[in-house]
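Welcome, and please take a moment to look over the chain before reading on. The paragraphs below go through it one topic at a time.

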Amino acid sequence: MNQFKDAHYFHIPSQGNIYTLTELKLASDKMLILAASLKREIYDFEYLEASQGLVPTSKEISFTYIPSGAEIISVDAFNKSAITNEVVIGITIIKNSNDSDTLETFLNIYSQLEEHEDFNIENIAQNCLTVELNYIPYKLMHTELVSWNDNEIANKEIVFILSGSDNVVHIYRENTTEHTYKEVDNREMFPEFTKTPSPVVWIDICHMNNYEERLTAFGCECGYVKLLKIHTKMKKIIYNFSTRFNNYIAQVYIYFENRTQRPEKLLNKLPSSLFLDKKDARQIVNLVVVNSILPSVHFRDVLKYGLSDYVTLPRYDSCTVFNSCVVADIDFDGRKEILLGTSSGEIILYKCDENDKKWYLEEIKHIVAPVLSLKYIDISGDGIKELIVSSMKGIHILQHDPVFVQKKLNDWIDAVTIPRICS
């Protein structure tokens, strides 16, 4: 990870948690992040164009209906439109009380009243719809809900998914005629979310085959992990697998080995790990389960093997707690790496040996405070993703060294343009 350079850092007065960092993509493809602290402060971080170039900017946003003394638990945001900005922001809060029997929890949903090409987060923060909860909220996220008409997609909408202390995963859907969000029965739309043995800590969802199938993974406080594949047309579970670890599950992460068939004219020029052989063009989906205390586990090709083909990731420090994960090709070699954040202020990089398919600890990068969450997104808009690290002190933006990127780009250009001379 030596190619990462500290590009920017901004301080947050009080710490957040593993749920208080989210990204938002606007219609212009611009990315920004929202970072919240437990004590009501919510910050917008983005890069703005100026005469001297891109300028990193952070500002506090005053969201309404977050009472004094309330604690923010989780934040999520999305844009309902691909061509305009119809931004929706969800914030879950706990209103503190001396009497535990009168503990109040809410899901605040902020949105624009009308479609706008221009994005103004201050205006969005003033338009709030409050949903009262009867449980303590955990993970807040969103996904696409698809309705089918024969073999055609009839409608596609975005819904909020919220796990709670009641061991239930709740679905909140917008009623467009009444301009409200209401909880709906998840058994028909999301049959994978039955009652769990303990609160669900983390959920990851991906869609496949033009939204005909949905792959869902979630992990619970008690160590229970479940992986399910759902046929969205029939609204039925195709298969499901489960296992249990003897510790708290911090995160689950689904990712694709997105390799393609190698063009013959580039044979022996580009890394073979970028491409699939013609005889194996099937997409491979993997799952990483981040255990808080025990070693984290990598499950390979879950569509074929379920949860039976796995390896554990080696530990570096037996005292540290793992709490976050991101999977990405950060060194541009065609193979994805696993990065884990720890309570010891470390980002641990794992690489896979292509021969025996085992993962080994490659490198450790130290951060000044315990890591809460990781994201790998292009927040600067230059086409190269940055590593966003949320720690107990603030938000760290790590950018690739331009010299490193330029060398990689030159290597690729040479591989494509310089003819291969056979002896």
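A residue is called buried when its relative accessible area is under 20%, exposed when it is over 50%, and partly exposed in between. The model you are looking at is a predicted one.

Let us begin with Phe 241, a residue of strand S17, which covers residues 236-244. Is Phe 241 buried or exposed, or does it belong in between? Its relative accessible area is 31%, so Phe 241 counts as partly exposed. Setting aside the neighbours within four places in sequence, you will find Phe 241 in contact with Val 225, Lys 226, Leu 227, Gly 306 and Leu 307.

Now turn to a sheet. Four strands form an open sheet in the order S6-S7-S8-S9, and their pairing is antiparallel. The edges are taken by strand S6 (71-79) and strand S9 (128-133); each has a single partner strand, so one side of each has no neighbour in the sheet. From one strand to the next, the twist averages 20 degrees. Looking at one pairing in detail, S6 and strand S7 (residues 87-95) are joined in the antiparallel sense over eight bridges. If you find Phe 78, you will see Val 88 of S7 standing opposite.

Another pair of strands is worth a visit. How many residues of strand S24 (residues 322-328) are buried? Seven of the seven are, which means that S24 is largely enclosed by the rest of the structure. Strand S24 pairs with strand S25 (residues 337-342) in the antiparallel sense, over six bridges. Within this pairing, Cys 325 has Leu 340 in S25 as its bridge partner.

Cysteines bring up the next topic. A disulfide is a covalent bond between the sulfur atoms of two cysteines. A search of the whole structure turns up zero disulfides. Take Cys 220 as an example: the closest cysteine sulfur belongs to Cys 222 and lies 5.2 Å from the sulfur of Cys 220, which is too far for a bond, because a disulfide needs the two sulfur atoms within 2.5 Å. Cys 220 is also buried, with 0% relative accessibility.

Finally, consider the charged residues. Side chains of opposite charge can pair when their charged atoms come close. The structure holds 19 salt bridges. In one of them, the side chains of Glu 23 and Lys 375 meet at 3.0 Å, N to O. This pair links distant parts of the chain, with Glu 23 in strand S2 (residues 21-25) and Lys 375 in strand S28 (residues 371-377), 352 residues apart. Glu 23 is partly exposed, at a relative accessible area of 27%.

Lys 59 and Glu 122 make another salt bridge, with their closest N and O atoms 2.9 Å apart. Here too distant parts of the chain are linked: Lys 59 is in strand S5 (residues 53-60) and Glu 122 in helix H1 (residues 121-124), 63 residues apart. Both count as partly exposed, Lys 59 at 33% relative accessibility and Glu 122 at 35%.

Glu 178 forms a salt bridge with Lys 182, where the closest N and O atoms are 3.2 Å apart. Glu 178 is partly exposed at 45% relative accessibility, and Lys 182 is partly exposed at 43%. To finish the tour, look for Asp 331, Asp 333, Arg 335, Glu 337 and Lys 351, which are linked in a network of salt bridges.

Notes. Residues are numbered from 1 along each chain as its sequence is written. This is a predicted model: local features need pLDDT of at least 70, side-chain atom pairs count only at pLDDT 80 or more; totals for chains, interfaces and linings use all residues. Side-chain values use heavy atoms; hydrogens and water are left out. Buried means under 20% relative accessible area, exposed over 50%, partly exposed in between (1.4 Å probe, protein chains only). Two strands pair if DSSP finds at least two bridges between them. Helices (H or I, at least four residues) and strands (E, at least two) are DSSP runs, numbered from the N terminus. Axes are lines fitted to C-alpha atoms, for helices over the stretch in contact, and angles run from 0 to 180 degrees between N-to-C directions. Contact means heavy atoms within 4.5 Å. A salt bridge is a side-chain nitrogen of Lys or Arg within 4 Å of a carboxyl oxygen of Asp or Glu.
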